[in-house]
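Dear colleague,

Please find below the structure I promised to pass on to you, together with its sequence.

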Amino acid sequence: MGRLAVVRSGHRSGRPRGRARLEGCQPRNRRRLHTILGYTEEYAAEILDEVARLGSEYMGDGVHSGLGAINRIRSTLVRRKDHTGLMALARFSKSVKAAARLEAVRWEDDGTLAVDATARLAVGPDREPLPLLRVDDRLIIDPAVTGSFLPAGEHVDVTDELTHFTTSLSLRNRETGVEWHCLWGSSPELVPLPGRNRYHLVARGTGRLVHLTGDQPTLLDRGFWDVWIPLKGLGASRKARLGSDRAPAVDPLCLPMLPAIGRHPVIPYFTDTHSNLTLDVGRRGKRLTTQLVGRDVSVLPGPRPELRLPIAAPCTGTPFPAKVLLDRESGEQITVDVQLRARTGRAHLPLAALTHIPAGTWRLSLSLDDSPALAAELCELIAGRRARIGPGRVRRADLRTTAAVTRERGRPLVTKHLEPLSRCIHWIFRRAAASKTDHG
């Protein structure tokens, strides 16, 4: 039987448009390895015999030897017309998935989110790493894996395929299905497994979550953007969502980002169902203000105290408008328009903007969205000749952060006033030394 005749024999006829789809997509889909698991034994045998005939006509030894490991095994079994082995390989192939781990995240100065991640092939219901065995300076797939579809003593050498184990990074719009490639670079490495000479292959990479138009990164449109890592290697092509498996240090670093000029705010979060990483661009479902709840706020002490907020800010020098809501037990309420400043990649609230309010103790809340009714309580403010933070929930920023912020925003006040005195003393000593030289 011909290729289409075999396919048609197992497919009910339909309208012409359906038949056109059948003759285009169905032949390809029905030859995918794991799909034969759903066929009857007789129909699967017909499909496999037809594939074997086509392979012998159009695929030479050069094509066979250039295939990836899993496809090379399939080609071997097809040539042998080993239907039992092909069914076992189909079950194994169906269990092969991509697994990704999010190692670190950080906001760059240009307002893009950088990620460090690893990806690997996983097999079985527990998603164990695909084991490789080193034998005489060669790497083979562990015979414990291939023993169900290859004869004992027949090995699958993957040594020359390690450099072709590649990954990429992409963003997919959940609503429109548009998918964009991101800036990404990765390299494969062998990671030891328990046991002697056992390893698994891991691709370790770093990328930035921006989509590429040609070779240039461009801004993300409004919407929900899911993060994916496509993986290709050893004859498999799989995709994995990023985020459900992540390092413990990642969660506190997934801060929202204030918008720069011409940009939308970006709020990274982990989905409720599977805990995967998604970017909410343009406040489609999340709000910046609610991201403050439950996060640490610190204060930078000194003559110009500032609140350091758990929100990233691009270092563009452009302030971000916000509203401070002050209230106290007497029921008095005050709303103050303020400008948040970017300091070392984080948003800061200068307390100097609150010096004109009436003296007393106030509860300080901050609103970053258009609705003033939506505000997050941050701390207690003691107003007087100069505003200061009351004791309690807010901790002092560490010395390294304080020094970095001081360097970025300019010289400290003490240095500013001591420098003229230092120059004057230096001038006096120079005149005294010159006078000694003249009289000597």
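In what follows, a contact between two residues means that they have heavy atoms within 4.5 Å of each other. Please keep in mind throughout that this is a predicted model.

Leaving aside residues up to four places away in sequence, Leu-279 touches Leu-113, Leu-171, Leu-209, Leu-220, Gly-223, Phe-224, Trp-225, Val-266, Ile-267 and Pro-268.

As for the protein as a whole, it has 10 helices and 23 strands, and 42% of its 440 residues are buried. Of the contacts between residues at least 6 apart in sequence, 60% join residues that are at least 24 apart. The accessible surface comes to about 24200 Å², and carbon and sulfur atoms account for 51% of that area.

Strand 17, which covers residues 320-327, has 6 of its 8 residues buried, and it is therefore largely enclosed by the rest of the structure. It pairs with strand 18 (residues 333-343) in the antiparallel sense over 8 bridges, and the two strands form a hairpin with 5 residues between them, where Gly-331 in the turn has a positive phi of about 95°. Strand 17 is also joined by 5 bridges to strand 20 (residues 360-367), again in an antiparallel arrangement. Leu-325 can be followed in both directions: its bridge partner in strand 18 is Thr-335, and in strand 20 it stands opposite Ser-365.

Helix 9, which spans residues 399-409, has Thr-401, Thr-402, Val-405 and Arg-409 as its buried residues. Because these cover an arc of only 100° around the axis, they lie on the same side of helix 9. At the N-terminal end, helix 9 is capped by Asp-398, which has a side-chain oxygen 3.2 Å from the backbone nitrogen of Arg-400.

Is Thr-271, with a relative accessible area of 17%, buried or exposed? The cut-off for a buried residue is under 20% relative accessible area, so Thr-271 counts as buried. Thr-271 is found in the loop between strand 13 (266-270) and strand 14 (277-281), and, not counting residues up to four places away in sequence, it touches Arg-174, Arg-241, Asn-276 and Thr-278. Pro-391, which lies in the loop between strand 22 (388-389) and strand 23 (395-396), counts as exposed, because its relative accessibility is 73%. The C-alpha atoms of Pro-391 and Cys-379, which are 12 residues apart along the chain, are separated by 8.7 Å.

With best wishes

Technical notes:
Residues are numbered from 1 along each chain as its sequence is written. This is a predicted model: local features need pLDDT of at least 70, side-chain atom pairs count only at pLDDT 80 or more; totals for chains, interfaces and linings use all residues. Side-chain values use heavy atoms; hydrogens and water are left out. Helices (H or I, at least four residues) and strands (E, at least two) are DSSP runs, numbered from the N terminus. Buried means under 20% relative accessible area, exposed over 50%, partly exposed in between (1.4 Å probe, protein chains only). Accessible areas come from the Shrake-Rupley method with a 1.4 Å probe; for residues, only the protein chains shown count as cover. Two strands pair if DSSP finds at least two bridges between them. The arc is that of the directions from the helix axis to the C-beta atoms. A polar contact is a pair of N or O atoms within 3.5 Å; within protein, one must be able to donate a hydrogen and the other to accept it, and residues adjacent in sequence count only if both atoms are side-chain atoms.
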